[in-house]
Amino acid sequence: MMNRFALDDPRFPAAFLAIASAGILAAALFFQFALGYQPCVLCLWQRVPYGAVIAFSIATLLFRQWKGLGDALLVASGFALLAGAGIAAYHVGVEQHWWAGTSACGSTGHAPQTLEELRAQVLAAPVTRCDEVAWSLFGVSMAGYNVLISLALSAFAFLAARSAYIRTTATRTFA
């Protein structure tokens, strides 16, 4: 018999979150490698929570016999996505010049020791600044869309965790 509600079992939401996160990372890599938009350090940081969500989702799917683990990992996914939304919101603020970026924004790496090292470093490394919008649609940057997507996925993860948690052990099935 099918579950009353698909969110009663943490496997469905975990699979959905993994697929959504993989799709978002694939889109970021497409923009980077196919379209040539080089990410800044804040763009790279925004990818980390999606990787964590994929790892949590895989663990939920692999260890489904451990009761409660899937529920806890959905909560962890929700918090990871909230952190991603926070990083993206910070990036939007940097893009809008509401506040300054980190010291790594626009940095080229280690400090050169000689004038020749500085020259070589400047000529070799493309500097991607955090405060410049590389791409936008309808006036919203990629970081802005990431805020919205991360918040929506975080809400989904928390709702799914709540639904999975409140089900009784009598109705809990692991087929």
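Analyst: Let's start with a definition: helices are DSSP runs of H or I with at least four residues, strands are runs of E with at least two, and both are numbered from the N terminus. This is a predicted model, where local features need pLDDT of at least 70, side-chain atom pairs count only at pLDDT 80 or more, and totals for chains, interfaces and linings use all residues. Residues are numbered from 1 along each chain as its sequence is written, and side-chain values use heavy atoms, with hydrogens and water left out.

User: Which residue follows α3, and what is its phi?

Analyst: His-97 follows α3, and its phi is positive, near 65 degrees.

User: What span should helix α3 have?

Analyst: The expected span of a helix is 1.5 Å times one less than its number of residues. Helix α3 (residues 69-95) has 27 residues, so it should span 39 Å; the C-alpha atoms at its ends are 38 Å apart, which agrees.

User: How many disulfides does the structure hold?

Analyst: A disulfide is a pair of cysteine sulfur atoms within 2.5 Å. Here there are zero. The sulfur of Cys-40 has its closest cysteine sulfur in Cys-43, at 3.4 Å, so they are too far for a bond.

User: Where is Ile-166?

Analyst: Ile-166 is in helix α5 (residues 142-166), and Ile-166 counts as exposed at 52% relative accessibility. Its C-alpha atom is 9.9 Å from that of Asp-71, 95 residues apart along the chain.

Technical notes. Buried < 20%, exposed > 50% of the residue type's maximum accessible area, 1.4 Å probe, protein only.
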